[in-house]
Amino acid sequence: MPPGHHSDPTPSKSGPIRARWGVRQLPSRTRERSFNLEDAEANILEHIVPSDWLLRWEGELAYDSVMKWSTAEASYYFNVLSFFAKIRHEDNLPRGNEERIKEACQRARSIFDSPISVDRVLQAVISLPDYGQGMVNLRTFFLPLLFLLSPEDLFEIVLQFADEQVANKYNRTLSWFDILDLIDAIVLAGLGSTRKEALKEMIASRLNPSTWLSPTLDRPSPLCQIALGFGMIAEMEKLIRSCPDRLFANSPSRLDNGSQLPFLLTLSSDAEIIMHAERLCIYLRDEQQVRSWLERLGVDGIPRVVDSIVRLNSPSKVEAMCNELLDHAIPELVPHVLHLYVANVGKSARAWLFRYGDMVLPELLTLAELRNFDIELLELIRELHVECPDARSDKMVAQRIENLFSQEGMVPEMSASTTPEWLVKSLSKSTGVKAVRLPAIFSPRTCPPVIIEGLRLPEASVEYMLRCLKESSADSLHPFIKTLRTNVPRRNFDHLAVTLFYRWVRNGCDGTEKWILMALGALGSDIAARLLIEWTRYWQTSGQHRLSAFSLECLRAMGTTDAIAKIAKLASTPGLKSLKKKAQAMIEAIAAENKLTREELEDRIIPDLGLAAIVILDYGVRKFTVVLDSQLKPALQDADAKILYTLPRATKTDDALLAREAAKQWKRIKELLAELAKVQSERLEKSMCSVRTWTLTDFDQLLVQHPVMQYLVRRLVWYKTEDTRLGAPVTFRVSDDNTLADDNDLPITLNAADRVGIVHPVQLGDQLLRKWGDLFAEYDIIQPFSQLGRPVHHLESHEMDAFAINRFDKQWLRPELLVWPLERLGWIRGCTNNDGMFNQMIMQFPYCDTSAYLQLDGMNSAYFSDSSGQIIYSCFFVPGAKKQADANSSIKLSCVNKTIVSEVLNTLYTITKSAQSV
């Protein structure tokens, strides 16, 4: 949409907004009136509504009336409310409703003058019925206490009910927040200076982090609110500084931690406010909090507002907070609004950028000059330059845009004499492309250019390329596209492909033009791969299955290591069953095409996260190098070679924009590394359990020399397979310098013909197992999964000549506690009969050419959770991998690999034990 231009870049709000923070102003109490028993009784009767079996209280006492209470009137109301709250159906009460009400009031008169104490209040709270039984509103119930109890007694009740254990004991959480204004007006306003100081000391002694965040409350403790009412700013500052890091990170979902802002905003230093908000994980939750935050902190508070908006899941709150933030037009907002625009948060960000285009463009150009080939940013600059007339008339801005695109858009165009020979031949041989007219949004005139060997591809050739893409499929690319893939680096097409894709998305993802995805798949690099996988998942979850399937095919057509890795990850991700099945078939096909097993293919597509080269996080003045420690945790090394595990905060001498980009990069590295470590640890564990081995060449190149995998490899014990038949295997580990060392920590060498694997503890004797355990303990090596400490199971003497394991004979299990855990471990269901029933679970061990079969009663494949309990009859092993086998074709247990036997037994023991504990 072409947004309108706003010539007056000023906030739409006319005046400053008063921030709601700091010490509350205490209201003055109205002069009390004389007590009239009849008037008070009439007031009470207005709130009592009779029903068939009890009396119900409805509504609250009027605020203006309460402020005029005398002590005598307050005493009367508390006694009536206490008596009424515990009324149940009693046989000795009159049956008529009106008579019951009169009887209630008469009983209340009889206890009118009884004394009121803290213990009596607590007992009254205990007797309060549930809401459905006619409970009096708690605010109304406690109003009289403000006139009757001393401040010390009143605060003692507050403190008791602020404690989680006390609140649970009495089954009540009091909403003191609803009467804080009355506490100020009635209790605090009338105190002398001596009493106030005594109460301040009492409150200060109770202030600590646990009283600030009460698990039973959805807001800060009332004690802290009262402390603010007393003006105890110094004590609150001390409390905030003493709170542990991430105090509110794991707070209950109902906790609106933005309500902590009034306390933060009492701090005298703006820098401290921002620092503690980040340290304690306090975020803004609505537009009113945004208003107060910005009123106090100004421009410095913008980053926290943006972070809060991005975290929110409520579209209505996001829009309201965006509108509050974007009611201002200042250059400092540009990078933050751009962040919201790229994150696709809120509808206001794009409109704001175009509304203030003449102000925004210079700032965007500065950002673009600092960033390296940010496609979305460059595309936005192009659109702004076209849509904003005032910005287009600025000659300096136009010159900067020309300079920005000089490396691609302003380079010389190819001529007949400068066109590469391979391109001339390819264009001359290419035929059979329909001369269809491309939509205007895909016209080469408005698209980023394609640079080939330092020259710009002519518009006619670009248009021909797009038509070739439209004629291509994942399995059959046009010859001209194949030629471009061979002779031109993929990154040269990224800008064009991504630009076309975003235009297609903004145009509604028209299915007739989905060939645009082929531009990403056939020509794009890793940038395009990330885009494709994100949208593949989105389309699948939103029900657009045809688009998700075609997008996955385009990802396969890309054929790069990163693209195949993303397909492999999708193939092993829970959920999205149809897409997962398609991805699994693709991985198997790719592996077959390269004459590899699936595991061998996955070894070759392990991402290095860019850590093969030196990764530097640039702050401008300061620079930090990303390194990995022995436990595969990312760390930073500063100029003094000091190791840091957290990214330092930016200072005034650092470049703010570069520091923000470095923080994003650091966050992404940590997330990707944690995910990679988890996935690859699980793969290595599975390799050990399945007795998989590697050639020495693959082991060295794909694991030992890999910039990430080497940290996992060094924390495991390995063996060479040729010696296992002679007794204990030859075992070794990989040292920090990537040399091999045996159990005596002496260097060893392997032959080129050797195959290596991860040793299973069942292969080691007790002495060798203990020796490796001591060595790893000496070097403080923590294994990525349980290897040396793994449970080991052996065949019993009577099972050596048997053909099936019957230890679990007649073991009864619920189907869902048997099938689901086995499937999570890689077991599959056996063949089903005509009734949809299956009676076997199968685990295949291809590297030993063996499969394990678990014989069951039988259950329905579609409704197994509704099937009756299953009995495990036996477990046997057969050679090869079959979907159906019986015990007649089983092999002798003593001939089965010890590792396989141990793992199958361990699985069955674990599942049966877990099922018995349910």
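**Charged pairs and a positive patch**

Modeller: E799 is buried, with a relative accessible area of 3% (buried is under 20%, exposed over 50% and partly exposed in between, with a 1.4 Å probe and protein chains only; the areas follow the Shrake-Rupley method). The model is a predicted one, in which local features need pLDDT of at least 70 and side-chain atom pairs count only at pLDDT 80 or more, while totals for chains, interfaces and linings use all residues. Residues are numbered from 1 along each chain as its sequence is written, and side-chain values use heavy atoms, with hydrogens and water left out.

The partner of E799 is R807, and the closest N and O atoms of this salt bridge are 3.0 Å apart (a side-chain nitrogen of Lys or Arg within 4 Å of a carboxyl oxygen of Asp or Glu).

Searching the whole structure gives 33 salt bridges. One of them joins R456 to E413, with 3.6 Å between the closest N and O atoms. Because R456 sits in strand β4 (residues 455-456) and E413 in the loop between α25 (395-404) and α26 (421-429), this pair ties together parts that are 43 residues apart in sequence (helices, H or I of at least four residues, and strands, E of at least two, are DSSP runs numbered from the N terminus). R456 is partly exposed at 22% relative accessibility, and E413 is also partly exposed, at 40%.

The helix α26 holds a pair of its own, K425 and E421, which lie 4 residues apart, about one turn of the helix. Their side chains meet in a salt bridge at 3.4 Å, N to O. Here K425 is partly exposed at 45% relative accessibility, whereas E421 is exposed, with a relative accessible area of 57%.

Elsewhere the salt bridges form a network, which links E588, R598, E602, D603, R683 and R692.

There is also a patch of positive charge on the surface, where R246, R311, K667 and K670 gather. Its members must have over 30% relative accessible area and no salt bridge, with like charges joined within 9 Å; each charge is placed at NZ of Lys or CZ of Arg. K670, which belongs to helix α36 (residues 656-689), is partly exposed with a relative accessible area of 38%.

Terms used:
Patch = residues over 30% accessible without salt bridge, like charges linked within 9 Å, V, L, I, M, F, W, Y side chains within 5 Å. Areas by Shrake-Rupley, 256 points an atom, 1.4 Å probe, with all protein chains shown as cover. Lys, Arg positive; Asp, Glu negative; His and termini not counted.
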